[in-house]
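Dear colleague,

I am passing on the structure we spoke about, and it is shown just below. My notes on what was found in it follow, and I would be glad if you read them with the model open.

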Amino acid sequence: MLNKKIKSASIVVIGNEILSGRTQDKNINYIAKELFKSGIFLKYVCVIRDDKKTIIKEIRNLKKNYDFVITTGGIGPTHDDITAESISLAVKKPFKLNKGAYLELVKYYKKVKSDLTDARKKMAYMPMGSKLIKNSVSGAPGFQIENIFVFAGIPSIAQAMTKEFLKMIKIKNKFY
């Protein structure tokens, strides 16, 4: 018999630019609607700073209490993009170059005729053992480690990654 238990989710939006008001979050509503359509109960949402201790504490707490922990933001090429490294620390896995992610970046930057700089290469680092979440928009994948799914913060990319996430988890419990 199939497990009919309704799965739970939480969303962690990571970024000082959201908290300061410089950028308006456009991901929560989209992800919440998609989770609902798939029969996943979104129970918790928070917005936190780009701060390792805060990210680690939040992720460790949430991964114990929800079936799915989705993060948005902080996996780009800039100095304040510390989400992947913080999640590595939260799950106690080495932070390493993911060969599959690196190859995706090489392919993308070749296609757009641009250089794969050291800053961009940073986007291929993630916790060891991560599964990639395809990014059909800009090539740099998100990742899954344990029950944590890490998406980019740019809305068009977060939306593409949400679709990939739903394919990965294969849940089709509809709410009525």
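How many of the 8 residues of β1 are buried? The answer is 7, so β1 is largely enclosed by the rest of the structure. Please keep in mind throughout that this is a predicted model.

**The sheet**

Strand β1 belongs to an open sheet of 6 strands, whose order is β2-β1-β3-β8-β7-β6 and whose pairing is mixed. The edges are formed by β2 (40–48) and β6 (131–133), each of which pairs on one side only, and the twist from one strand to the next averages 20 degrees.

Going through the pairs in that order, β1 and β2 run parallel and are joined over 8 bridges, with Val13 having Val47 of β2 as its bridge partner. On its other pairing, β1 runs parallel to β3 over 5 bridges, and here Ile11 stands opposite Ile70 in β3. Strand β3 is in turn joined to β8 by 4 bridges, again in the parallel sense, and Thr72 stands opposite Phe151 in β8.

The antiparallel pairings involve β7: 3 bridges join β7 to β8, where Phe143 has Val150 as its bridge partner, and 3 bridges join β6 to β7 (residues 142–145), where Ile133 stands opposite Gly142. Strands β7 and β8 form a hairpin with 2 residues between them, and Glu146 in the turn has a positive phi of about 55 degrees.

Leaving aside residues up to four places away in sequence, Val150 touches Thr71, Ile75, Thr83, Ile87, Ile133, Gly142, Phe143 and Met161.

**Helices α2 and α7**

In helix α2 (residues 27–37), the buried residues include Asn27, Tyr30, Ile31, Glu34 and Leu35. Viewed down the axis of α2, its buried residues fall within an arc of 130 degrees, and they therefore line one face of the helix. The elements that cover these residues include β1 (7–14), β2, β3 (68–72), β8 and α7 (155–169). Just after α2, Gly39 takes a positive phi of about 80 degrees.

For α7 the buried residues are Ile157, Ala158, Ala160, Met161, Thr162, Glu164, Phe165, Leu166 and Ile169, and what covers them includes α2, β2, β3, β6, β7 and β8. The length of α7 can be checked as well: at 1.5 Å a residue its 15 residues should span 21 Å, and the end C-alpha atoms are 21 Å apart, which agrees. Just after α7, Lys170 takes a positive phi of about 50 degrees.

**Salt bridges**

The structure holds 7 salt bridges, and I describe some of them here. The side chains of Asp67 and Lys5 meet in one, at 3.4 Å from N to O. Asp67 lies in the loop between α3 (52–65) and β3, and Lys5 in the segment before β1, so this pair ties together parts that are 62 residues apart in sequence. Asp67 is partly exposed, with a relative accessible area of 23%, and Lys5, at 47%, also counts as partly exposed.

Another salt bridge brings together the side chains of Lys52 and Glu85, at 3.0 Å from N to O. This pair links distant parts of the chain, with Lys52 in helix α3 and Glu85 in helix α4 (residues 83–90), 33 residues apart. Lys52 is partly exposed at 32% relative accessibility, and Glu85 is partly exposed at 29%.

The pair of Lys107 and Glu104 is a salt bridge as well, with the closest N and O atoms 3.6 Å apart, but both residues lie in helix α5 (residues 99–111), 3 residues apart, which is about one turn of the helix. Lys107 is exposed, with a relative accessible area of 54%, whereas Glu104 is partly exposed at 31%.

With best regards

Key. Residues numbered from 1 in each chain as written. Predicted model: local features only at pLDDT ≥ 70, side-chain atom pairs only at ≥ 80, totals over all residues. Heavy atoms only, no water. Pairing = 2+ DSSP bridges. Axes fitted to C-alpha atoms, helices over the stretch in contact; angles between N-to-C directions. Contact = heavy atoms within 4.5 Å. Buried < 20%, exposed > 50% of the residue type's maximum accessible area, 1.4 Å probe, protein only. Arc of directions from axis to C-beta. Expected span 1.5 Å × (residues − 1). Salt bridge = Lys/Arg side-chain N within 4 Å of Asp/Glu carboxyl O.
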